[in-house]
Amino acid sequence: MKCTGGIDLRDVEEMNINIDPIQAGGRLTADAMKAVISYGDGYSVCDNCGKPFRLDYINKPPIAEFHEDLAAFVGMDQARVVPGARRGFQAVAGTYVGKGDPVMLTALSHYTEFIAVENAGGIPHEIPKDAQNIIRADAAAERIEEVTRTFGRPPVLLFIDHVDYQFGNIHEVREIARVAHDYDVPVLLNGAYTVGIMPVDGKSLGVDFVIGSGHKSMAAPAPSGMLATTSERAEEVFRTTQVKGDLTGRTFGIKEVEMMGCTLMGVTLMGMMASFPHVQERVKRWDEEIEKSRIVIDALTSIEGTAVRSEMPRRHTLTRVDTSRSFDRVAETHKKRGFFLSSALKKKGIVGVIPGATKVWKFNTYGITRAQAEYVAAAYLEIAEENGLSVSPAE
């Protein structure tokens with residue numbers, strides 16, 4: 001079936017169990033689907049936009065109220081919607097980072113954080129991970145001290161991922177924020193893999209900014225995201241324009257510089273808003289999501305030669321697995337080579353693992369049911385046994 005012309009109907013979620021590592025928290029809710037249809041036009045939320053002509057002031061639909069709810073949701077004072085987490089990084093970097101300024105990131109930071117720093121003219125310095133692939137506060141302190149000695153001043157900003165995209169590990173955010181603030185360094189929390197799927201409280205964590213991804217973790221269309229901050233920092237990152245036309249003398253009111261006036265409009269915003277009540281409720285069931293993840297982990301680790309490279313026991317549903325001594329050995333002689341695993345999973349209605357990956361790969365069980373988690377676990381065991389790999393009996 002086709003949408004039209006050469007555009008096929010996408011039925012990945014309807015026809016399969018999708019364990020893609022970056023798509024799991026972004027699946028749209030039924031309410032978001034309805035909003036997408038109704039508000040597909042670009043300026044569809046602007047019917048009732050009056051003075052002062054800014055997105056976060058619109059009351060019908062209740063966009064102003066949504067902004068207040070977003071800030072409260074992550075324990076901060078003010079929030080704005082943005083076209084993806086990366087644009088949140090860019091807004092904060094654009095506020096605090098100048099040419100040649102040192103900026104702290106980590107060995108597990110997402111590439112878009114580096115690009116935000118580069119775009120602002122900053123110089124990135126990484127905090128190393130430890131042997132367990134965790135970013136620790138003592139390592140952050142050492143690097144901040146080192147950078148301060150080198151530059152004769154502290155870094156101007158520190159990025160820390162709440163949960164990183166490579167291992168799905170939870171890092172020492174609260175402790176790192178405390179260290180950074182000792183040097184008066186503002187802290188940006190990248191919550192792309194946490195805001196919207198698990199509880200996040202920015203003030204409790206001691207950070208200055210919380211950034212989330214709508215399409216990764218808030219059941220919203222892409223590109224969408226949020227940037228939340230404290231009252232103190234809001235005056236800086238949400239500063240309004242002061243520019244004036246030299247010929248016309250025009251000024252532009254309360255438009256915010258880093259937001260480029262208005263940001264997330266139409267279908268992306270309304271999809272995000274429609275899913276938000278569901279998102280607020282689902283973060284309360286995070287423990288259930290972890291339990292489902294462990295069902296699959298237990299199955300995988302019972303397969304001969306398979307190891308989990310993420311921290312154990314798991315505290316997040318995104319997990320990195322090393323099967324170079326199990327499924328990859330099968331791939332060496334299998335007629336489909338490395339594609340045998342994704343092919344076998346596909347036949348069982350499971351998608352989302354990169355085709356051809358049999359050495360190190362990631363998956364995310366977020367949002368699947370317990371019955372689906374048990375089915376995925378059984379599928380991996382069956383594929384292992386069908387290909388001559390030993391499976392340890394469950395304890």
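Lys 216 touches Ile 22, Gly 25, Gly 26, His 110, Ala 192 and Tyr 193, leaving out residues up to four places away in sequence; contact here means heavy atoms within 4.5 Å. This is a predicted model, in which local features need pLDDT of at least 70 and side-chain atom pairs count only at pLDDT 80 or more, while totals for chains, interfaces and linings use all residues. Residues are numbered from 1 along each chain as its sequence is written, and side-chain values use heavy atoms, with hydrogens and water left out.

Lys 216 belongs to helix H9 (residues 214-217). Helices (H or I, at least four residues) and strands (E, at least two) are DSSP runs, numbered from the N terminus. An unreviewed UniProt entry gives Lys 216 the feature "modified residue: N6-(pyridoxal phosphate)lysine". UniProt positions follow the numbering used here, feature names are shortened, and annotations may be inferred rather than shown by experiment.

The unreviewed UniProt entry also lists a "binding site" at Ala 85, Arg 86, Asn 190, Ser 213, Gly 214 and His 215. These residues span 131 residues in sequence, yet no two of their C-alpha atoms are more than 14.2 Å apart, so they gather at one spot. From this set, His 215 is part of the lining of the largest pocket. On a 1 Å grid over the protein atoms alone, a pocket is an open set of points where a 1.4 Å probe fits, with protein on both sides within 12 Å along at least five of seven lines; lining residues have an atom within 4 Å of a point.

Arg 86 lies in helix H4 (residues 85-96) and touches His 110, Tyr 111 and Thr 112, not counting residues up to four places away in sequence. Asn 190 sits in strand S8 (residues 187-190). Beyond four places in sequence, the contacts of Asn 190 include Phe 89, His 110, Glu 113 and Ile 211. The side chain of Asn 190 also makes a polar contact with that of Asp 161 (3.4 Å). A polar contact is a pair of N or O atoms within 3.5 Å; within protein, one must be able to donate a hydrogen and the other to accept it, and residues adjacent in sequence count only if both atoms are side-chain atoms.

The table gives exposure classes: buried is under 20% relative accessible area, exposed over 50%, and partly exposed in between (1.4 Å probe, protein chains only).

| Residue | Relative accessibility | Class |
|---|---|---|
| Arg 86 | 43% | partly exposed |
| Asn 190 | 5% | buried |
| Lys 216 | 17% | buried |
| Thr 230 | 15% | buried |
| Val 36 | 26% | partly exposed |

Thr 230 is in the loop between strand S10 (225-229) and helix H10 (231-237). A polar atom of the Thr 230 side chain lies 3.2 Å from the backbone nitrogen of Arg 233. Val 36, in helix H2 (residues 30-38), touches Leu 28, Pro 221 and Val 267, not counting residues up to four places away in sequence.

An open sheet is formed by three strands in the order S11-S12-S14, with antiparallel pairing; two strands pair if DSSP finds at least two bridges between them. Strands S11 (307-308) and S14 (360-364) stand at the edges with a single partner strand each, so one side of each has no neighbour in the sheet. Strand S12 (residues 318-322) is joined to S14 by five bridges, and Asp 322 has Val 360 of S14 as its bridge partner.
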